[in-house]
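Thanks, everyone. Have the sequence and the 3D view open. I'll keep this brief.

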Amino acid sequence: MTGAGATAAVRTEFAFMLPVGYVDDSGAAHREGRMRLATARDEILPLRDPRVRDNEAYLTVILLSRVITQLGTVASVNPGVVENMFAADLAFLQDLYRRINTEGHTRARVVCPACQHEMTVDLAGGRLGES
């Protein structure tokens, strides 16, 4: 479709790679995952949770467990999984959540300090040259 009636498809899910990785009970590490856009319901319902009433910081745990749709081969991403993530991964996921729900994408415009070349990078994880 082209012209005034054309609409862009809304991207609702984003792939990511955790900087460290969630380690499950069997010792397997899970780094690759997917996060969907949050709905109003995702942000409102956790406010009723007694764990959030007792500790406002727990809101992050519940929010992330609602919007992470996949994490490696973990069967279900629940608050217990998020609670056991490394701090670096939690910070990464909080930033990703903010980016996709306020900006709608995971890209950032950067400038190389050495040559002043401007480029766009994807902040959803992964590192060049890593296997």
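Start with strand 1 (residues 13-23) and strand 2 (residues 29-36): they run antiparallel, joined by seven bridges. Two strands count as paired when DSSP finds at least two bridges between them. Glu 13 has Arg 36 in strand 2 as its bridge partner. Five residues separate the two strands in this hairpin, and Gly 27 in the turn has a positive phi of about 95 degrees.

A word on the source. This is a predicted model, where local features need pLDDT of at least 70, side-chain atom pairs count only at pLDDT 80 or more, and totals for chains, interfaces and linings use all residues. Residues are numbered from 1 along each chain as its sequence is written, and side-chain values use heavy atoms, leaving out hydrogens and water.

Now the whole chain. It has five helices and five strands. These are DSSP runs, numbered from the N terminus: helices are H or I, at least four residues, and strands are E, at least two. The order along the sequence is β-β-α-α-α-β-α-α-β-β. Of the 131 residues, 28% are buried, meaning under 20% relative accessible area with a 1.4 Å probe, protein chains only.

Last, helix 5, residues 87-102. Its 16 residues reach 22 Å from first C-alpha to last, close to the 22 Å expected at 1.5 Å a residue. The expected span is 1.5 Å times one less than the number of residues. Which residues of helix 5 are buried? Asp 89, Phe 92, Leu 93, Leu 96, Tyr 97, Arg 99 and Ile 100. An α-helix has 3.6 residues a turn, so residues three or four places apart point the same way.

Definitions and conventions: Buried means under 20% relative accessible area, exposed over 50%, partly exposed in between (1.4 Å probe, protein chains only).
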